[in-house]
Structure formats: structure tokens, C-alpha cells
Amino acid sequence: MKYEAPTSTKDAVALLAKNKGSAYVLAGGSDLLVRLKGGFIEPDLIVDIKRIGAMQEIKKTASGFRIGAAVPCVAMGESQALNKAWPGVVEAAKLIGSDQVQGRCTVTGNLCNASPAADSVPALVTARAKAVVVGPKGRRTVAVEKIPAGPGRTTLTKGELIEAITLPAPKPKTGDAYLRFTPRTEMDIAVCSAAVSVTLGKGGVVEEARVALGAVAPTVVLVPAAAKAIIGTKLDAAALDALAAACRAACSPIDDKRGTVEFRTDVAGVLAKRAAKVAYQRAGGK
Amino acid sequence: MSHDASFTNQKFKVIGTRVPRPDGIDKVTGRARYGADATAPGQLVGMILRSPHAHADIRKIDTSAAEALPGVKAVITSADLPDKVGGRRDMLDILENCMARGRALYDGHAVAAVAAIDAETAKRALKLIKVDYKPLAHVTDVDEAMRDDAPIVQPWVRTAGGDPNKPTNVAQISQFGHGDLDAGFAEADVIIERSYKTEQTHQGYIEPHACLASVGPDGQGELWVTTQGHYTFRTQCAALLGMEVAKLKVTSSEIGGGFGGKTHVWMEPVALALSRKANRPVKLVLTREETFRGTGPTCSTSIDIKIGARRDGRITAALATLRYQDGAFPGIWGMLGAMTAWACYDLPNVKSVAYDVLVNRPKVAAYRAPSAPMAAFAVESTVDLVARELGMDPVDFRLLNAAKEGTRASYGPTYGPIGIGPTLEAVKNHPQMKVKLGPNQGRGMACGFWFNFGGQTCSTVNIGVDGTVNVSVGTVDVGGSRASLSLIAAEELGVPYESVKCTVADTATLGHNDTTEGSRGTFSSGMAIIFACRNAVQELRARAAKMMDVPVEDVHWENGQAVALGTQHSNLQPLTLAQIARKSPQTGGPIAGHNEVVADGAGVSFASHICDVEVDPETGQTRVLRYAVIQDAGKAIHPDYVEGQFQGAAAQGIGWALNEEYIYGKDGRLQNPGFLDYRIPVCSDLPFIDTQILEIPNPGHPYGIRGVGETSIVPPLAAIGNAVSNAVGVRMTHVPMSPPRILGAIKAAR
């Protein structure tokens, strides 16, 4: 096994592109090292991206934010501007693992690990986050929901890595929230989860909404029907019930050691309702 | 305190103080050496190949490719572990569990092992071993295993007293009780019957099994190992490998938890056999996954309870039918469930019948008050139902029926002074009982019992020339016992706690000591140290008499000093232990005390717990809001570690009650062999666990000590079950009460 720690994105891409065997990108390592130690993977090459300057910072840009691929989740929690703009994204990142794990893990890693239960992904999706993908053929920008292809698989091609995640500046009166269900309070993986983002118009009526669910399908699912159920409402009981029903209809989970189909489907609706209420409040709704 | 403490009425100087533990600094700074922290020159890495099948014939194992791999120094199968115990079934079971003998009995059963120069080579060698399996039908559920058409786990097993020609999975049926059950139920105004299930849990000790084994061509060997009982490990390893006990020195490392799971050998004979074959030391460290799949969890159970009571609140009859699965080898776990089930109560007519049942799961090991928590869950849940039916307060109902001094226990003996009544009185007076509950909240309480154990013990006290004291014990320190035992020596000798150093001695140093189990460490070694110190005091008096030139009869030991009594000696200054020790080279050489004893007289222990929970009715998630443990300790030698045992036991019980369980797939494979999906509680899942120590002295110990380590894992399943049931308005009957089970029960009741 070869370990490389390049200092530029270009060098990292070159290493990945020319490698013949299996190659993995290392940021926080909170997934990779566990899989390595558990004997699930036997990499020929590990490319550590933590020494690439551009990947280490959260930048406020003209259009919003740029979160470098090696930025640990704890740094997102410390960014006041990010907390103010996208509290749902930050609270999702701050749910991963534990305090110690958050000192290492990154949202880009969370996205590329391609687990349907990834905590940060639903909130990134509802916030319209984009991934800046760099590869041998150059740079492309992709909506984050297009990155995971299924459990453990991504749409990244050979030599490609994600340099940063971008978030737009939120429109006025926008709020987002993320809730997950885990039997434990921390050090756990979502049995199901829901992220909701809303933008309010006149009189506190929901003008725009995005709803995404985690751990109820092979990838995180964006549920337009659920968004539609609350657009034009002030989250009255009927709207919330319609939101939950639309979410449940979008669920196609599996029965496994972490939860049953019935439980996941049912609780996904409950979480979506609760997240919608929090997002609505954060957007200034009463 | 109202309890009769007259038999002790002792004034203690250091007993009962909260001194720092002697192993504390090493543990927090990382200097302490655990099972995996030993190294030896030329050591090899040992690894075990395990069955992926729940049940399979092993037709052939081809190790040739592994043996040919450069760097591989030994490969073993059961052929390298022949029967050296003359077919003695209990030992052969342990050996067969260490390494499959022609049949893999559960997912994770060891089938071969390698020793190689490094981990990578060992891993590669495991992949080169070709095992030809023929999968067989399997059974993992206890009720299914009792059916007539169930796959048979062990063809040689017959139910004792049953059909000698009929293979069965029921290894043993045990029965306890007294009185006339039919008459008792006929007398009852109210009869409640319920069935319960509990799932399998693992002790979850943070340190996986690990050892360093070395056997030379001269037949002498050494084993460094994380264990609760190095003398037991020596006996078992020597017997299984055909060695002499005196030639196998076993040293216990610091232990990162055992809770019963390190009371007998798992892979240690394999490490020794590898070392013997390779003629090199072999270090073998299990992974967490192996620890889950290949070491001993506790039983899953299925239990039926029937209780009859009169309107006045007296229980007239009680019946328990308990089915415990022992894994793939016979055990006594159902029997212990039957013995403990009704131990808290004074019952005129009582019976418990237990079935020990084999399934294709790992060999069950002890887990903290083994078997009692499941029985208590079923009994204490039903007791609550009867109290409700009678319109009585559940604490008053229990108090009315509680066992007391003179009660004939359901499992046979008649109790001496016991603490069940006082713990219940303490519950009634506990401030938590007055805290107002909010919506979706519920309160529950439950009682628990454990026997406690004494057993064979051997200790030595050596006085240093500077007056400091070495105490050597043979009971492994799993819960702060070195601090407690040092306090005892300090108390007896009248020296400061700081001048006592307590060491867990290896097997070459002391006579046999039983394993630290049954809450016996402080009880039994404490007893042996008291007697050893008293022997040392005899010698100290004799030396003082020499120094003072007076008859030894005139020298008394008071407050750590030799004092010459009598008018003609009034001008003699008392001699301190340090002064006598300093002169010891001139007065007869080293001063020591020794004792070996079968520490009889372990006192039973009772606990009552109170639990408040809040349940989210839309997700079924339970949050434990408040939790209180009240337990009888006899005499708390070091209150911090007594409280620590109470809290630790409650924490394990809370995890068991709410989320922990072995999940098996239809293929008979364990689905969650890791802490991510086997969910023990993390710190933020638990409230501060309040403790209250009662001291009802045990007449069987010079200081009144009772074991304290186990009892408090008994009540939590039931206390939480009662609290959750009260919060959601539906009786919970299946542990763990995980969110899907609670949500399912709420929906089913709608």
C-alpha cells in the first residue's frame, strides 16, 4: 500500500489518474480507516488531501459558501456565517459520530462514502449544494444528489475527486432543518432521516420548499411531492399530514439490523413533519 | 440505621473511606498493561479461522497451502488438540468450543488457526486454508429449538431423566419450589399469566480477549492473559493441553472488563497449542467482531409467569416456566434463572421449572448475576400487573410479600438477615418517587436478587523492612478491589493505606484462587487478608517481645503498635510496625502472614431500583430521565467502588433493556457483531445514576461484607419495562424494548 500526501489538487488528480490498482482518497478517515482496519478494503494507493491548502478552508464567496473537501465538520460548527445561513446543514454535520469524530470527518467524505444514511447529505440536497469535481479532463460542478449512485458507489470517474462543496447564499426568509432517528443519542447511524428547507413569502406562506429523506432508499431521495404538499400553506395540520404521506410514499427502504421497512417508512414521515416545523420557524414563520 | 448491626459493632479507622485507587494513575496515563500489551522475543501473530455457517459438517480441512506460505510457522486444527481429559464432557465442551471437532456449531466457531511472523502473513494464511463444509439445518431460537422437529445441535445430548434413546436440544430440566401450587391458585382472588421474551446480549467489555502464550520444548509454559481467573485458566489450559499445572505459569494482565465473559478459556489453549507447535511465543488478540461471534454472550430466553394473589395483597401461588438457550453447549443458565426467579418473595406455594436448551449460537458464558435479569424481568413485570389488578401501590404490594429473615427461599435455603425489605422502604422514601411526571412519562420500579459466592482463596501479607506492606492476592481486580483490599490490610495492621501495596500474584506465587466471579473478590480475598494479617500480627508481637525482652503473652497489638502490658513493663515504649520491621533481620528474618481458606458464608444481596422514562409516542424512542439504585452492601469497604458497581450494573441493564441484542439472519449468521449495530448505551444516553448504599452486615464475614458487583444488573430490565409500560399504557413483554418494538406495541393497542 502506497500513501501519498500531495499539496495541490492537480497533483492529487494526477496520482489518482495514473494509479493502476485500487485507490482511495483520505480526508478525515472516519470511514476509510474503519474499512481498512476491518479488512473490507485493501488499497494499493491512499491519497491524503489534508495538505492541499484550497481544501482546508470555508470561504464566503459572492454566490454563497465554498467548503473545502478536507474541512472537518467541527469547523463548520464554528463558522458563524454558515450557521446563520444554513443551520440545517451545520446541525446535520454536527450529528455525525461524536465530538471526536467530528474533529476529523468531512461532509465531502460523507458524500463520497455514498451511504444512504449519510447524515449531512439530505440537508446539503435541500440547500441545493453542489460538488466541485476535479479530474484529468478538468473541472465540473454537479448537484450533490448526483454524486452517490447507490450504497458505496459514486458517479465519480477514474482520477476524479471532489475539491469542495458549494452552498448558495440563502434567499431572504429561508430556513432549513435536519432530523434523524437513531436509537442512541450519538455514535450511531440514521435509521431514517429528513431534511427540509423552506422559503417564506408574504404572510408566512411557504413559497419554496425542498424535502429530502435519508436511509429510506439506495440513495438520499429528494421528494418534490412532499415539497408541493407544503408550498402555499402555513404548515397547518392538513399540510403537515400531506407532507408526511408524500414522504412515506417516497420511501422504499430495506429491512435490516438497523430498522424495519414499516418503522423506517412511518418514522420518516414523523421526522419530515418535525423538521418542516423547525425550518419554518427558522425562516421566521410563526 | 434500624438494622441490627450488633454482631459487628466495629469501629473502623480506614474502612469506608474514599481513597485513590492504586492502579488509577497507570490507567489514566496509559501505562497499565492489558492483555494485548505484552511482547516476547521472537513472538508470532496468531489468528483464527472461523466458520461462516451456523451449522455444518466439516468434511475436510486442507492446510497445505497455508503451511507452505513463507512466514507461516504453525497451522493447527482440532487434530492438534486431541482429547487429553479422558472424555470428561464439561472440559471436552470447552475444548470443542475452542476449536470445532468435525462440526461447526455456530457462526464464528473456530475451525483452524495459524501463527505467522506478522499479521499480514497470518491473514493471507487464513485465506489459504480450504475448509470443505456441508451446511446442515440450524436453529437459533430457543422456542423453535424445543420443537420435536428441530435440528439437533449436539447428537450426544439427552435430557437428564428423559428418554435415553432420543436426541434432544433440552440438555437439562431443573425444578425448584415448595408448597401446594394448585391449592395456592385455588385460594387466589386474582390470577395473572403472561409470557415474555428477552434477546441475547453480550457483556460488551471494552477489552477484547488477548493473550501471549509461550510453550517450550521442555513442556514448560507461560501465559499472559486478560482473565477474571488466571488460576482457573491455568487448570483448564493445563488439562486441555496435557500439561502439569505447576509448569504452566499464568499471569493476569490488567483487565478491561469481563463481567463473566472472561471466566473460562476461549482461544488461550489455541494460542498455547500454536506456540507449542511453532516453538515460538504467540500473541493472539481477538477483534471486536470475533469477540461478538466467538466468545460467550448471555442467553436469550422465553418465560411464562403465573401469579395468584388474594384481595388483601398476599401472593398465594407463583409459577415460572423458563426456557434459556445455552448456545451450542449445555450450561446451568436456565437452572440459575429458576433459582433466582422468586428469591425476593416470601411465598407459601411456589415453583419454577427451567429448560436449558441448545441452539446454534456461541457457547453462553456468565454475564453479571447470570440468568437473574431475565427471570426478574418476567416476574417483576407480572408482579406489577397483579398489584395494578388489586389496586395496590406496587411498592406496598412488594413490601407485603417481601422475603425477610427466616423466610424459606424458593430455591431452598432459609434466609438470615437480608436487605429486600429495607431497600423497598428506601424506595418509598426516595425523593425521586415524589417528582411529578409529565406527558408521555412513566415511572417503574423493580427488585433483584443475587446469591454471591465465596470459594477457594489464598493470600499472603509480607512486611517490608521499612514498614510498608505487600499484599499478594489471587483474585483478579475487576472493579477496584486492590484499593478495597489495601484498606482491609491497613485496617488490620493499623498502618496508613498509602503504605500498603496490593498485587495480583501469578499462579506460581500463591495457591489456587477461584475466579473473580459471583461478586467474590473483595469478600473472599478480604477474608483471607484479614486472617493473613492476623497471622502477621502474631509474628510482629513475637518480634516485639524479643526486642522488649518480655514474654509474648504480655505484648498486645493496638493501633498498629506492639504495647507491653503489665506494671513491670510500664516504662517500655510501644513499638510501631515500622520499628519492628526495621529490626526484623536481627530478630528472625522477614515477617509475613499467610492464609488459605474456602470463604464460606457469602451473604445474599438485594436491590431495588426506581426508573423514570419518557417515550416518544411517534417514534417509540425511550429516554431514561431519572434512575436510582438502592442496594445492600453488607459493609461498603470503599464506597466509591460500591457505587461504581451499582452504577455500572444499572448502565448495563439499561442498555440491555432498551437496545442491545444479537440479531441473527435467516441464515443463522450474526448480523451485528460490532458496537455500531450492537448498541450499548453511550454516556449521553444515560442520566446520572443515583445510588444509595444500605449496610445490613453479613454475619458470614468478619467485617460484614456482601458481594456488590452483580445484584444491580438484575432489576433494570423490569424497572424500565414497568416504567415504559406505564408511560405508553401498553405492557411491554419483549426485551430489548427497542423503538420498533415499542412503536409496534403502541400501534397494536390502538
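## Around A:C247

Setting aside neighbours within four places in sequence, A:C247 is in contact (C-beta atoms, placed from the backbone, within 7 Å) with A:A194, A:V211, A:L213, A:V223, A:A226, A:A268, A:G269 and A:A272. This is a predicted model, where local features need pLDDT of at least 70, side-chain atom pairs count only at pLDDT 80 or more, and totals for chains, interfaces and linings use all residues. Residues are numbered from 1 along each chain as its sequence is written, with chains lettered from A and ligands numbered from 1 in the order in which they are written.

## The nonpolar cores

A nonpolar core here is a set of buried Ala, Val, Leu, Ile, Met, Phe, Trp, Tyr and Cys residues joined through C-beta atoms within 7 Å. Buried takes 20 or more other C-beta atoms within 10 Å of a residue's own, exposed 12 or fewer, and partly exposed falls in between.

The largest core has 333 residues, and A:L213, A:C247 and A:A272 touch the most other members. Its top contributor is helix α15 (residues 521-548) of chain B, with twelve residues; helices (H or I, at least four residues) and strands (E, at least two) are DSSP runs, numbered from the N terminus. Apart from that core lies another of six residues, among them B:Y662, B:Y664, B:L670 and B:Y678.

## A spot in a loop: A:A54

A:A54 sits in the loop between β3 (45-48) and β4 (58-60) of chain A. Why does A:A54 count as partly exposed? Because A:A54 has 17 C-beta neighbours inside 10 Å.

Not counting residues up to four places away in sequence, A:A54 touches A:T9, A:G68 and A:E163.

How values were computed
Two residues are in contact if their C-beta atoms, placed from the backbone, lie within 7 Å.
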